[in-house]
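Reader: I'm new to this one and would like to learn how to read it. Can we go feature by feature?

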Amino acid sequence: MESVIPVGAPMIRARGLTKRFGSFTAVDGVDFDVATGESFGFLGPNGAGKTSTMRMIGAVSPRTAGELSVLEMDPEENGPRIRARLGVVPQSDTLDTELTVLENLLIYGRYFDISYSEANQRATELLEFVQLNERRKDLVEPLSGGMKRRLTIARALINEPDVLLLDEPTTGLDPQARHLVWDRLYRLKQRGTTLVLTTHYMDEAEQLCDRLVVMDKAKIVAEGSPRTLIERYSTREVLELRFPVGIQETLDGQLDGLGDRVEHLPDRVLVYAADGEAAAAAAHDRGLRPESVLVRRSSLEDVFLRLTGRSLVE
Amino acid sequence: MTAIPAAGRAALRFPGLRKLEHSLLVYRRVWRGTFFGTLVSPVLFLSALGVALGSLVPQMTAFGGVPYLVFLAPGLLAAQAMQTATIESSWPLFAGFKWNKTFEAMIGTPQGVRDIVLGHLYWLVVRLTIVTGVFLAVMVVFGAVSSPTFLLAWPAAVLTGVAFGMPMAAWTATRKTENSFAIVFRFVVTPMFLFSGTFFPISQLPDAIEPVAWLVPLYHGVNLARTLAIGHDLNLVVLLIHVAVLLGIIIVSTLIAFRTFRRRLVV
């Protein structure tokens, strides 16, 4: 039976997708499409419903309501066939600590009915790709968090998947390890692999995602490319002002009009303005003497703050 | 642009084999550590209880008056199978759910819940065949066999083990912590080990309690293994009852395991 997905048809399509656990609604009627070759992200804080959504896409968690098609199939009816073509990087590595690096890849390949010789060949290439070849004979347990993550990514690629699902690929990694993971994911993206990832790091979303949806409290609150989201929901620049303890509460009104919008956070004030330096100068002219002044470009963090009134990472 | 590969095979292939491959791969790494116990346990039990204590036991009338060692050995064999399978279905299985989460990884592939459950069942059969095979070899060395039919006790012991391993597996899937496993050993496994006719014929129990033994799963395994091993007074009906009880437990508990594993993994 040969079936071909036409160019341009979405790899993943969700309409009114809902997941409830008892009376708790984890995902509340979300709509999204992921196109072939696209790098698509779910950005949101912990508990926003990202992982539940990913598990439904991964055909391991039945949906409560709504429509979902993955690779033009219904996960409810064609779970094994869909999973045969997905690569999954779960939030926790789920590696077998009793086996070696290489054995972890081989047995995972066997789950896809790949022969040992074929799996061995692919594993060698993949370990090269994630820079773990010199550790191939080592047990998994002594590996660092970053190495385990890379091994999990290599494992997810053993079946040459059409779509790679990554649930918080760099959470808990140190900056150096994160950049190494990003670099490998970026190479996959360049090769045309469709990536779907969740993250609560805006820098990760900005680095990796062509397009993303912002999730909050089980709902999608915005959708677009990182650039369009920033343009739509924020200003070009942000002026961050920190005042000595106790002063910020006494400012009321003194910052009005410095920028398009002023946001008061517990530890600092954000002034949204097209020209941050000009806003800083204006604040100085008004006699304000903050402890520190920082002008930066707007990020997805600002988008999230605007949409939900809360910081992304608390 | 992307042709659907022959993944349809996934639905047709024999379920559970890949999980068995996984268990064998792990066993290849750890067998040296377990083999010592597999060999030493029957040596210790047969020498202390069969030979040393057995020398104090007067000639038995049961089973055609065999020496105590010959009486005891097949009972211990079945009990060893029970313990091995119960352990195999507790901590190692729990690791797949919680510590390593290897089952979560597995169901992200074309493998499903049934593959995990059946693969575990196959693994129990393999593991028990090894453990009870070593036990039988030790029995031969100790002169604890009296009839060539003793080899029939081998499949009987494997069947007994699986009849404990699968209910334990079904239950392990419902556990959130590992705390209750020790309780199972203390209050289920050990009492059965002591009072299921392993060490003495159940006719030694008070008359009122004797019929209760028939409700104890291990009794069926012990009596099946012993009757076949000694080859004396083979009553086909009784043997079939033992086999039917053990098989019935395996089938029902496997069906329950499908449900408990699914409830745990597919949420």
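Reader: Which residues is B:His220 in contact with, leaving aside its neighbours within four places in sequence?

Author: Keep in mind that this is a predicted model. B:His220 is in contact with B:His242, B:Val245 and B:Leu246 once neighbours within four places are left aside.

Reader: Where does B:His220 sit, and why is B:His220 called buried?

Author: B:His220 belongs to helix H9 of chain B, which covers residues 217–230. For burial, count the C-beta atoms around a residue; 20 or more within 10 Å is the cut-off. B:His220 has 28 others within 10 Å, so it is buried.

Reader: How many residues are in the largest nonpolar core, and which of them touch the most other members?

Author: The general idea is that in soluble globular proteins, nonpolar side chains tend to be buried together. Here the largest nonpolar core has 144 residues, and A:Leu165, B:Leu77, B:Ala157 and B:Ala225 touch the most other members. Take A:Leu165: beyond four places in sequence, its contacts include A:Met54, A:Ile57, A:Leu86, A:Val88 and A:Val196. Another core, of 14 residues, lies apart from the largest one, and among its members are A:Val238, A:Leu255, A:Ala280 and A:Ala283.

Reader: Now the strands. What is the order of the strands in the open sheet of chain A?

Author: Go across the sheet from one side to the other. The order is S5-S6-S7-S3-S8-S9, an open sheet of 6 strands with mixed pairing. S5 (86–89) and S9 of chain A are at the edges with a single partner strand each, so one side of each has no neighbour in the sheet. On average, neighbouring strands are turned by 15 degrees against each other, direction ignored.

Reader: Do S5(A) and S6(A) run parallel or antiparallel?

Author: For a pair, check the direction and then find residues that face each other. S5(A) and S6(A), residues 163–167, run parallel and are joined by 4 bridges. A:Leu86 is opposite A:Val163 in S6(A).

Reader: And how many bridges join S8(A) to S9(A)?

Author: There are 5 bridges between S8 (residues 211–216) and S9 (residues 219–224) of chain A, and these two strands run antiparallel. A:Asp216 is opposite A:Lys219 in S9(A). The two strands form a hairpin with 2 residues between them, and A:Lys217 in the turn has a positive phi of about 50 degrees.

Reader: Zooming out, which domains does the assignment give for chain A?

Author: Domain 1 covers 12–224 and domain 2 covers 235–297. Taken over C-alpha atoms, their centres are 40 Å apart. Chain A as a whole comes to 10 helices and 13 strands, and 49% of its 314 residues are buried.

Reader: Where in chain B is confidence lowest, and where is it highest?

Author: Start with the average, then look at individual elements. The mean pLDDT of chain B is 92, with 96% of its residues at 70 or more. Confidence is lowest in helix H1 (residues 9–12) of chain B, at a mean of 48, and highest in helix H7 (residues 153–172) of chain B, at 98. Over residues 1–11 of chain B, pLDDT stays under 50. For the complex, the predictor gives an ipTM of 0.90 and a pTM of 0.91.

Definitions and conventions: Residues are numbered from 1 along each chain as its sequence is written. Chains are lettered from A and ligands numbered from 1 in the order in which they are written. This is a predicted model: local features need pLDDT of at least 70, side-chain atom pairs count only at pLDDT 80 or more; totals for chains, interfaces and linings use all residues. Domain bounds come from an automatic or database domain assignment. Two strands pair if DSSP finds at least two bridges between them. Axes are lines fitted to C-alpha atoms, for helices over the stretch in contact, and angles run from 0 to 180 degrees between N-to-C directions. A nonpolar core is a set of buried Ala, Val, Leu, Ile, Met, Phe, Trp, Tyr and Cys residues joined through C-beta atoms within 7 Å. A residue is buried if 20 or more other C-beta atoms lie within 10 Å of its own, exposed if 12 or fewer, and partly exposed in between; C-beta atoms are placed from the backbone. Two residues are in contact if their C-beta atoms, placed from the backbone, lie within 7 Å. pLDDT is the predictor's confidence in each residue, from 0 to 100.
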